[in-house]
Amino acid sequence: MTAPKLPGHPHIAYQGDELFIENVRLSDLARQYGTPLFVYSKAAMLSALAAYQRGFAGRKVQICYAMKANSSLGVLQVFAQAGCGFDIVSGGELERVLAAGGEAKRVIFSGVGKTRAEMRRALEAGIGCFNVESEAELEVLNDVALAMHQRAPVSIRVNPNVDPKTHPYISTGLKGNKFGIAHERTLATYQRAASLPGLQVVGIDCHIGSQITQEEPYLDAMDRVLDLVETIEAAGIPLHHIDFGGGLGIDYNDDTPPAADALWAKLLAKLDARGFGGRQLMIEPGRSLVGNAGVCLTEVMYLKPGEQKNFCIVDAAMNDLPRPAMYQAFHRIVPLTSRPATSTLYDVVGPICESGDWIGRDRSLAVAPGDLLAVLSAGAYCMSMASNYNTRGRAAEVLIDMNQVHLIRVRENPADTFSHERLPT
Ligand SMILES: *Cc1c(COP(=O)(O)O)cnc(C)c1O
């Protein structure tokens, strides 16, 4: 048997029968740090970022990493050092950016439910822009800024009403979901924003969804947003920047998203054709920068043959890898040591007491207890969504930089999981 190919995973490959990330053998890491273990390739993150940078060569652009995809400090530091800004969705994420050495002025703050306290803290830190998601939020932000004798920089998130053709839970730019301002209300909302003394209108933004694998939704959304820019500017409200959000997909299972540079070549051609080529641009990619830069290592604990199904019970679970349970998402699962043996069809499941605790269904694997597996495409929306369900400590994380191994998160022990709890006396 030849070792499986890992499409879409640069810097993660078999050398002989052994799976490596950059120059490090993954089975060595599993033995040293235990499992489940998240392992990230710094080179893979930087090459994903480089695809965007190539696409934008010669343009005015700020790439703001959408950090909810993976908000571990060690990952944020990689992007801060590469010159990225950050798209945040909570006050907690702002504190993480600052702790990782990111600059507040390159932070944009998205999200439908910003609290007054979060607004105050973001103004005090001096963030670059608030991406406002409702008319009510504009009024509150104006009050908060005036009370601090400041003007809050704002962009309004518009809902271009295009179908990104992705899972309904991760589609955000259609009528009838909670995000953004309806297309018809946009001009009135901008006029209101421009009239409020505590606000400074600086831009417009949109974000149509996630795991988008086609270019049409982006091209459609861009047309819709540019129509709005023309309308808003014709009403005498200049916009300094245009922010096209994130959402570009990755290859989980023979998905074929456009490459970031190829997609942006088309989008920039449209911007040029419509006379906006010289405008300050912003984008908010998350998944496409980190998703295929990470794997989760797990050990096979038990094999449980059954009449209808065979189960391969591993030590990673839905608290570590929530995407299958949450979105029926697919992650490839491959052995750390590929060996010639007959495979059996298994459902790969975790130890959590829920039938939803599965990681892969009907997978053909040649495994024995004690074997190590890698769950691929685990760099985005895995650790950042991890929980302590079943009082399982969250996994450790390591960041690989060529031959160097950096432990960026220590495994939680049971006491860590209840350290904030108190017994009533
Ligand atoms: C989640 C999110 C992103 C990033 O989405 P990806 O699919 O991870 O690229 C960007 N902008 C906003 C406002 C988001 O909510």
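The C-alpha centres of domain 1 and domain 2 lie 35 Å apart in this predicted model. The domain assignment places residues 12-41 and 291-417 in domain 1, and residues 110-285 in domain 2.

**Extent of the domain interface**

- Ten residues of domain 1 make contact with eight residues of domain 2.
- About 870 Å² is buried between the two domains, and carbon and sulfur atoms contribute 49% of this area.
- Of the area that domain 1 buries against domain 2, 53% comes from Tyr327, Phe330 and Arg332, more than from any other three residues.

- Two salt bridges are counted between domain 1 and domain 2.
- Arg332 and Asp254 form a salt bridge through their side chains, with an N to O distance of 3.4 Å.
- Four residue pairs are in polar contact between domain 1 and domain 2.
- On the side of domain 1 that touches domain 2, three residues are nonpolar, five are polar and two are charged.

- The ligand is surrounded by 14 residues, of which Lys68, Ser210, Glu284, Arg287 and Tyr381 are the closest.
- In the side chain of Glu284, an N or O atom lies 2.6 Å from a nitrogen atom of the ligand.
- On its own the ligand has 390 Å² of accessible area, and the protein covers 94% of it.

Methods
Residues are numbered from 1 along each chain as its sequence is written. This is a predicted model: local features need pLDDT of at least 70, side-chain atom pairs count only at pLDDT 80 or more; totals for chains, interfaces and linings use all residues. Side-chain values use heavy atoms; hydrogens and water are left out. Domain bounds come from an automatic or database domain assignment. Contact means heavy atoms within 4.5 Å. Buried area is the accessible area (1.4 Å probe) that two parts lose on being put together, summed over both. A salt bridge is a side-chain nitrogen of Lys or Arg within 4 Å of a carboxyl oxygen of Asp or Glu. A polar contact is a pair of N or O atoms within 3.5 Å; within protein, one must be able to donate a hydrogen and the other to accept it, and residues adjacent in sequence count only if both atoms are side-chain atoms. Ala, Val, Leu, Ile, Met, Phe, Trp, Tyr, Cys and Pro count as nonpolar, Asp, Glu, Lys and Arg as charged, and the others, Gly among them, as polar. A residue is near a molecule or strand if one of its heavy atoms lies within 4 Å of it. Accessible areas come from the Shrake-Rupley method with a 1.4 Å probe; for residues, only the protein chains shown count as cover.
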